[in-house]
Amino acid sequence: MRPFKLGFIGAGFVAHFHAAALKSTRVADLAGVFAPKGADSLQAYAKANGIGDCEIYDSIEELCNNVDSVSIVAPNFARIDIMGAIADAVKKGAPLKGIICEKPLGRTLKEAKQLVEIAKQTKLPTAYFENQIHMKAIKSALKQLGPQQAAMGPIALARSAEEHGGPHEGWFWDPTQQGGGVLSDMGCHSIAVSWFVLNPLGTAPDFLKPVSINADVGLLKWGQPKYRKDLLDRMGVDYTKTPAEDFATGMVTFENPDTGQRVKAQFTNSWMYDKQGLRLLMDGLGPGYAFEVNTLKSPLEIFIGDEAAEACADAEMALEKATASRGLLTVQPNEPDLYGYLDEIEDAVAAFKQGKDALLNFEYGLEITRLCQAGYLSAETGKTIDLTDPKTDKELDSYVSLIAQGKAQEQLNVK
Ligand SMILES: NC(=O)c1ccc[n+]([C@@H]2O[C@H](COP(=O)([O-])OP(=O)(O)OC[C@H]3O[C@@H](n4cnc5c(N)ncnc54)[C@H](O)[C@@H]3O)[C@@H](O)[C@H]2O)c1
């Protein structure tokens, strides 16, 4: 019998990734789900794979009454309402031990602060799900380089990229629903994982203090007339009127509060990466040592020639966001484990069982939202944003990027 009962709020793309991760662990069951769409297929998957009964509930309150923890794996625009419903259920006595929320915590700093506030009212431990920090490759790199960090000093430059050919649902592309484009969607991952590896060993995930950020965004592929039409036809989103960036890059500078040493995190994200599929690329450079992670390097390669290609039904069986089903394909046999989904679930369950926050809590998620929003502000104003200036915080408190407002035709040069 698995002791811990997880309930999912949402049953789409990432819910299926989390469910697939549960196949590799005994720490939790997928006990229930609430979702407007997809609950049946998630339940069928859970039963077929022996990861739990995944009872379908008609309300968030009912779900909360029947599980140990809920995971918010629903779209970004629904966060506040969902957290409100969880808090109401807890007030009425739902026996939850913790609340999990997928990235990004909020679409704006204001929303992320609301989420933190509502969570505080429940007095429950929280987990902000940022899977890349939990990747075994990242953990192994840091462990392996422990002696070098101790002898030579910490990593001074971390570079991180997450790129693929574009999201799978219309709401992701729509900046007014998602909160922006690729910087909001995937910049949060790359900034977080670089911050994490830059922290000296043994320190908290928010040990280094953010000093400044500069960022640049562009609409390099999906703003072209041909691809705007494709997006409108397939996703119902009109980038002539409400464009979002499909490319973002920038640099965050951090300072060690004990030594004053400054280190840098460079991030690059795109929805125009037309290669095999999703690629995560991270590296860290310290004095005299380095590491590099590239998730497109797999011990398994598969070749499918033109003649045999007709038989290939599902390119995404090989890799998340795979774009090809023939030629030399990269195949990752256990993506939920590779990307850190398994370890983040195990971390949250272990913490909640002890009545504690996970390694990354909602307050941490709030800090990542702050950095992403400061990135938008930098791209909009063309300035480096001083993250130590209290005026910046004040400005960000009510800031909604032009892109998130659906008013970025000029900024993104849409003609
Ligand atoms: N960690 C990662 O790499 C990663 C990857 C993908 C998505 N995500 C995050 O996970 C979340 C969900 O993304 P997705 O790709 O699974 O989306 P999706 O569109 O594939 O699925 C969303 C699910 O939520 C349900 N839903 C919609 N409105 C709801 C509401 N008001 N209340 C409850 N459920 C509702 C939908 O019916 C659907 O089942 C997003 O916040 C996204 O940013 C994270």
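**Exercise 1. A cysteine in a loop**

Is Cys54 buried or exposed?

*Solution.* Start with the ground rules. This is a predicted model, in which local features need pLDDT of at least 70, side-chain atom pairs count only at pLDDT 80 or more, and totals for chains, interfaces and linings use all residues. Residues are numbered from 1 along each chain as its sequence is written.

Step 1: take the cut-offs. A residue is buried if 20 or more other C-beta atoms lie within 10 Å of its own, exposed if 12 or fewer, and partly exposed in between, with C-beta atoms placed from the backbone.

Step 2: apply them. Cys54 has 23 other C-beta atoms within 10 Å, so Cys54 is buried.

Step 3: Cys54 sits in the loop between helix H2 (39–48) and strand E3 (55–56). Helices (H or I, at least four residues) and strands (E, at least two) are DSSP runs, numbered from the N terminus.

Step 4: check the backbone. Cys54 is not a glycine, yet its phi is positive, near 45°.

**Exercise 2. The overall build**

Describe the fold of the protein chain in numbers.

*Solution.* Step 1: count elements. The protein chain has 15 helices and 15 strands.

Step 1: box the chain. Its C-alpha atoms fill roughly 60 × 50 × 45 Å along the principal axes.

Step 2: look inside. Of the 415 residues, 49% count as buried.

Step 3: check contact range. Two residues are in contact if their C-beta atoms, placed from the backbone, lie within 7 Å. Among contacts between residues at least 6 apart in sequence, 76% join residues at least 24 apart.

**Exercise 3. The two domains**

*Solution.* Step 1: read the bounds, which come from an automatic or database domain assignment. Domain 1 covers 4–131 + 341–360, and domain 2 covers 133–334 + 369–397.

Step 1: locate the centres. They are 24 Å apart, taken over C-alpha atoms.

Step 2: count the contacts. 20 residues of domain 1 are in contact with 19 residues of domain 2. On the domain 1 side, helix H5 (109–122) and helix H13 (341–353) each supply at least two residues.

Step 3: sort that side by class. It has nine nonpolar, four polar and seven charged residues. Here Ala, Val, Leu, Ile, Met, Phe, Trp, Tyr, Cys and Pro count as nonpolar, Asp, Glu, Lys and Arg as charged, and the others, Gly among them, as polar.

**Exercise 4. The seven-stranded sheet**

Trace the strand order of the open sheet, then follow E10 and its partners.

*Solution.* Step 1: the order is E12-E11-E7-E10-E9-E8-E15, and the pairing is mixed. Strands pair if DSSP finds at least two bridges between them. Strand E12 (289–294) and strand E15 (385–386) are the edges, each pairing on one side only.

Step 1: strand E7 (residues 157–163) and strand E10 (residues 262–270) run parallel over seven bridges. Glu162 stands opposite Asn269 in E10.

Step 2: strand E9 (residues 247–255) runs antiparallel to E10, with nine bridges. Facing E10, Phe254 is opposite Val263, and Thr249 is opposite Thr268.

Step 3: inspect the hairpin. Six residues separate E9 and E10, and Gly260 there takes a positive phi near 80°.

**Exercise 5. The ligand shell**

Which residues come nearest to the ligand?

*Solution.* Step 1: a residue is near a molecule if its C-beta atom, placed from the backbone, lies within 6 Å of it. Of the 21 residues around the ligand, Gly10, Gly12, Phe13, Lys37 and Ala78 come nearest.

Step 1: helix H1 (residues 13–22) gives the most, with three residues.

Step 2: the shell divides into 12 nonpolar, five polar and four charged residues.
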